[in-house]
Amino acid sequence: MTATISTTPVTPTRRRRRSARLSPLLVAFVLVPFAVESVWVFWPALQGFWFSLTRWDGMSPPTFVGVDNYVEMAGDATFRGALLNTVIWLVLFGGLSVLGGFGMALVLQRERRGVGFYRAALFTPVVFSLVVTALVWRVFYQPDGIADTLLRAVGLEQLIRPWLADPQTALYAVILPALWRQIGYVMVLFLAGLKAIDPALHEAARMDGANSWQRLRHVTIPQLRGVNAVVLSVIVIDSLRSFDIVWSLTKGGPYHSSELLSTYMYSTAFQSLRLGYASAIAVVIFVLALAVILGYLVRAFREEA
Amino acid sequence: MNKLRTGAFHTGMILLSLLWLGPVIWVVVMSTRSFDDIAAHGVGSLPRSFTLDTYRQAWTDGGELRALINSMLVTVPSVALSLGLAAVAAFALSRFRIPGRRTILLLMLAGNLLPPQILLIPVAKFSELTGLYDTLWALIAVQVGFGLGFYTFVLHGFMRDLPGEIQEAATIDGAGVGQIFTRVMLPLTRPALAALGALSFTWIFNDLLWAITVLRTDDNMPVTPALLGLQGQFVSSWNVIAAGTVIAAVPTVAVFLRFQRHFVSGLALGAVK
């Protein structure tokens, strides 16, 4: 994929010689970080699965209830709504940020006057926290804020509504700021991928009479396969994790209309104190992410081989 | 024809850039308007006043100073510790034939890919158990533990591709493992460390979820969650909230501007690998 991977002049034969003795320091180099991650990630993750099979209020010890939580979930309308919203989020936030980011990368890939500024402008929101992003957009959506002022200016005042407080629009009003922040990020990933494509390939295709659409379809996109896989995994994992922006703008409301699985899990755990049921929701999020995580690991595994 | 296309390109891109920068500029401008101005003309109007008192209010009355200190107390040690631990792990796993090294590496990466939701309740309970709950220590620990896997993976890829001869030479000169790491590998890994450092600074500084999971007291909150509190405290004082937002955004913008090159290459590092 990149130059760093194709050039591997490391001398594997010589390295083998050191295998005989592992100094204690070396063992510590691996074990200490691994132990830290075990305590704060691996062990909690295992506990999470166990808690999902219990009923627990956080005060008294958890009681084992088997799969009761999952059975309850099947009949929970809020859960189903959150699941549906998560899918919508995945499609709209994920899909549009890939399309937008890829489009912007294509438009801005060639070095020319002004390109640096445009790239920087699109990238600026990436450095803000999602809470900052949320507050910036709250101003936009405020009654008599920028959105309403703009709509009035073009004579569409009948569309004006409390954007974040209307169950019909809340979810989409939250997706928009999330996209605003994500497109610049995806653009940078694709720009790095585009840069790695050998210009000779485009030159050859042009000589053969390929127009720009054909070159995009048959040269650029196949050459970006590696980046595409990474971007897709990042996007799916990011979508399932999305929490901050929803929590800062609507907390999942009104009436759960912008509820995602992640926000429903959080409020179930730390506001309703139903830790067992919340753990079960977390397991569902994990299962949804699993395919993507495995795909990512398989790719990583192949490269390390 | 060509000129027309260039013109269309720039017109389109300037409009788009405005769409991206406009809301940010709007908030910066709003942070300098007086309360009366906003109350009279709304947040959507152009400014008719100028004041910097909003920053004083957010800074002292709103507790942003306290929150910024907390953020720094968490972010700086977290970045240093997680990169330090990741660097030694990546060094050992990439330069020595440690049994099961590939499995260890991928397990560590897998930990970072987990949705944090599965960890929230156990981590909150574990920090209660150890007495770390509602202290900055808990936040530092979980940030280090959760970030480690990804940093190790990226640094491993980088160190693996460094030429073996330098290490050979150092070994022949009698350098031990520790010396090879500090004198030879660390200096060569500096670009990757800088990139990851800039990235992890913004990630940890910008975090909301872990902070509100392991912290409870307002006085302990870093600036990102504190910003949500500020909104509750100054309900309709949009100018103060805007000032608070600007204050919360300045550190990451500063890091980005200072390490711009590293920052972008860091993102690409994660992507192209």
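## A helix pair within chain B

In chain B, helices α3(B) and α13(B) pass each other in a right-handed crossing. The model described here is a predicted one. Helix α3 of chain B covers residues 53-61 and helix α13 of chain B covers residues 238-258, and their axes come within 8 Å while crossing at roughly 70 degrees. Because of that angle, α3(B) counts as roughly perpendicular to α13(B).

On the side of α3(B), the residues that make this contact are Thr54(B), Tyr55(B), Gln57(B), Ala58(B) and Trp59(B), and they meet Asn239(B), Val240(B), Ala243(B), Gly244(B) and Ile247(B) of α13(B). Sorted by class, the contact of these two helices consists of six nonpolar and four polar residues, with no charged residues taking part.

## Chain B as a whole

Chain B has 14 helices and zero strands, so that its pattern along the sequence is simply α-α-α-α-α-α-α-α-α-α-α-α-α-α. With a radius of gyration of 23 Å, well over the 19 Å that the globule rule gives for 273 residues, chain B is more spread out than a compact globule. Taken along the principal axes, the box filled by the C-alpha atoms of chain B is roughly 75 × 70 × 35 Å.

## Annotated spans of chain B

An unreviewed UniProt entry lists residues 68-259 of chain B under "domain: ABC transmembrane type-1". In the model, this span of residues 68-259 of chain B is 80% helix and 0% strand, and its end C-alpha atoms lie 20 Å apart.

The feature "transmembrane region" is placed by the unreviewed UniProt entry at residues 7-29, 68-92, 104-124, 136-158, 193-215 and 235-257 of chain B. One of these spans, residues 104-124 of chain B, is 86% helix and 0% strand, with 26 Å between its end C-alpha atoms. Another, residues 235-257 of chain B, is 87% helix and 0% strand, and here the end C-alpha atoms are 32 Å apart.

## Chain A as a whole

Chain A contains 15 helices and two strands. Its radius of gyration of 24 Å is well over the 19 Å that the globule rule gives for 305 residues, so chain A, too, is more spread out than a compact globule.

## Annotated spans of chain A

For chain A, the "domain: ABC transmembrane type-1" is listed by UniProt, in an unreviewed entry, at residues 83-298. That span of chain A is 73% helix and 0% strand, and its end C-alpha atoms are 27 Å apart.

## A helix pair within chain A

Helix α5 (residues 77-107) of chain A and helix α9 (residues 170-195) of chain A have axes that come within 7 Å and cross at roughly 40 degrees. It is because of this angle that α5(A) counts as oblique to α9(A). The crossing of α5(A) and α9(A) is right-handed, and the residues of their contact comprise 19 nonpolar and five polar, with no charged residues among them.

## Where the two chains meet

Between the chains, 86 residues of chain A are in contact with 78 residues of chain B. On the side of chain A that touches chain B, helix α3 (residues 24-51) of chain A gives the most, contributing 18 residues. By class, this side of chain A is made up of 59 nonpolar, 17 polar and ten charged residues.

One helix pair that spans the two chains is formed by α3(A) and helix α5 (residues 101-113) of chain B, whose axes come within 10 Å and cross at roughly 35 degrees. The crossing of α3(A) and α5(B) is left-handed. From α3(A) the contact draws on Val30(A), Phe34(A), Glu37(A), Val41(A) and Phe42(A), and from α5(B) on Ile104(B), Met108(B) and Gly111(B). These contact residues of α3(A) and α5(B) divide into six nonpolar, one polar and one charged.

Notes
Residues numbered from 1 in each chain as written. Chains lettered and ligands numbered in written order. Predicted model: local features only at pLDDT ≥ 70, side-chain atom pairs only at ≥ 80, totals over all residues. Contact = placed C-beta atoms within 7 Å. Helix = DSSP H or I, 4+ residues; strand = E, 2+ residues; numbered from the N terminus. Nonpolar A, V, L, I, M, F, W, Y, C, P; charged D, E, K, R; others polar. UniProt positions renumbered as here; feature names shortened; annotations may be inferred. Axes fitted to C-alpha atoms, helices over the stretch in contact; angles between N-to-C directions. Parallel < 35°, antiparallel > 145°, perpendicular 65-115°, else oblique. Left-handed = near helix turned anticlockwise from the far one by under 90°. Rg over C-alpha atoms; globule rule 2.2 N^0.38 Å.
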